[in-house]
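Open the model in your viewer and keep the sequence panel beside it. The stops below say what to select and what is there.

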Amino acid sequence: MVKQKKIKKQKPLPPITEEEKPFELLEGWEWERIGTFGVVGTGATPSRSNPVYWEPAEINWVSSGETSELFLGKTKEQVSKIAIKETNVSIYPVGTLIVAMYGQGKTRGQITELLEPAGTNQACAAIRLLANNVEHKNFVKLFFRKAYLELREHAAGGAQPNLNVGKIANTVVPLPPLEEQHRIVTKVDELMAICDQLKARLSEAQTTQLNLADVILEKITGSSSIKVRADKEKVNQDMNISTILCVNDLNIDEGSPIAFLTQQKGNNADAKEIWQKTGLSLPEFYKQLKKEIEAGYIKMPDPAAADNN
């Protein structure tokens with residue numbers, strides 16, 4: 001590839017020191033620098049004052065802020081073919097790994113993979129692996145995802161620390177045999193799928209809990225939407241309480257005033273009376289009531305108790 005001028009000749013990389021090896025490897029594994037089995041490059045930003053570099057928009061152009069997802073197709077901006085010819089923007093092929101070297105917030109250290117050919121700006125490092133092997137590429141990508149925080153710690157700079165091409169190329173990676181790389185990536189994918197399922201179930205459970213709280217609140221107040229007027233006396237008249245409040249048998253303190261006051265009244269109390277005792281405005285009372293329902297302090301009243309009231 002060097003002879004064909006498809007890539008530039010890389011500088012020799014230093015030997016890996018013992019201090020750079022954080023743990024002992026299993027038999028068959030090797031410590032290697034990214035630059036020994038991949039070519040690391042970067043890009044540039046064509047002059048914004050020269051419109052011919054940006055129109056027509058023909059070639060994808062990656063900024064560091066677009067590395068937040070695991071894969072990247074069409075980019076937010078594109079450059080022209082003239083920009084590729086006259087500037088330092090290089091076109092990288094599908095499958096190239098793009099690492100953000102600097103950027104706002106969580107950007108620095110993020111990695112994505114090109115689904116379409118693209119150039120990059122100077123804030124991105126482009127890693128082209130010499131071996132055309134999907135399992136190998138997926139393992140290297142997984143390593144960078146795992147090493148996200150470590151990469152950020154290795155960044156150098158002032159108020160906004162940065163990575164650079166040299167640091168990326170010198171990154172030390174523990175490389176197992178190809179079959180083991182494939183096995184590791186497959187297992188991680190399985191575990192991540194389980195995590196996604198658990199997140200989805202947790203989100204559904206939280207949504208169900210919120211909906212249940214809304215239903216209980218509506219049952220207690222007799223209305224799902226409460227009209228609140230500025231006039232305090234009119235607010236008092238508009239309060240539509242259709243039942244009584246009850247509390248669960250929990251340790252309740254003064255941080256949950258509605259449940260605390262209800263418990264003092266013998267676990268069954270008129271909601272309007274409790275509202276007046278809290279000293280809260282009506283909107284504040286409903287907000288606090290919903291909060292205590294969600295926390296499990298307030299429950300639907302016992303039908304017999306409600307009838308007796």
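The tour goes from a sheet to salt bridges, then to a helix and a surface patch.

Before you start, note that this is a predicted model: local features need pLDDT of at least 70, side-chain atom pairs count only at pLDDT 80 or more, and totals for chains, interfaces and linings use all residues. Residues are numbered from 1 along each chain as its sequence is written, and side-chain values use heavy atoms, with hydrogens and water left out.

**Stop 1: the sheet**

Select β5, β3 and β8. These 3 strands make an open sheet in the order β5-β3-β8, with mixed pairing. β5 (77-79) and β8 (118-120) are the edge strands; each has a single partner, so one side of each lacks a neighbour in the sheet. Neighbouring strands here are turned by 45° against each other on average, direction ignored. That angle is taken between axes fitted as lines to C-alpha atoms; in general, angles run from 0 to 180 degrees between N-to-C directions. Helices (H or I, at least four residues) and strands (E, at least two) are DSSP runs, numbered from the N terminus.

Now zoom in on β3 and β5. They run antiparallel and are joined by 3 bridges. Two strands count as paired if DSSP finds at least two bridges between them. Pick W61: its bridge partner in β5 is E77.

**Stop 2: from E77 to R48**

Stay on E77 and show its side chain. E77 forms a salt bridge with R48, with the closest N and O atoms 2.7 Å apart. E77 is in strand β5 and R48 in the loop between β2 and β3, so distant parts of the chain, 29 residues apart, are linked. A salt bridge here is a side-chain nitrogen of Lys or Arg within 4 Å of a carboxyl oxygen of Asp or Glu. E77 is partly exposed, at 31% relative accessibility. The classes are buried (under 20% relative accessible area), exposed (over 50%) and partly exposed in between, with a 1.4 Å probe and protein chains only.

In the loop between β2 (38-41) and β3, select P46 too. P46 is buried, at 2% relative accessibility. Its C-alpha atom is 8.8 Å from that of E86, 40 residues apart along the chain.

**Stop 3**

How many salt bridges does the rule count? The count is 8.

Select E20 and R33. Their closest N and O atoms are 2.7 Å apart. E20 lies in the segment before β1 (30-33) and R33 in strand β1, so the pair ties together parts 13 residues apart in sequence. E20 is partly exposed at 31%; R33 is buried at 3%.

Next, select K137 and E113. Here the closest N and O atoms are 2.6 Å apart. K137 is in helix α3 (residues 134-146) and E113 in strand β7 (residues 111-114), so the bridge ties parts 24 residues apart in sequence. K137 is buried at 17%, and E113 at 5%.

**Stop 4: helix α9**

Select residues 271-278. In α9, A271, I274, W275 and T278 are buried. They cover an arc of only 105° around the axis, which puts them on the same side of α9. The arc uses directions from the helix axis to the C-beta atoms. Then click G279, which follows α9 and has a positive phi near 75°.

**Stop 5: a surface patch**

Finish with L70, F71 and L115. They form a nonpolar surface patch with about 270 Å² of accessible area together. L70 sits in the loop between β3 (59-62) and β4 (71-72). L70 is partly exposed, at 34% relative accessibility. Patches take residues with over 30% relative accessible area and no salt bridge; like charges are joined within 9 Å, nonpolar side chains (Val, Leu, Ile, Met, Phe, Trp, Tyr) within 5 Å. Accessible areas come from the Shrake-Rupley method with a 1.4 Å probe; for residues, only the protein chains shown count as cover.
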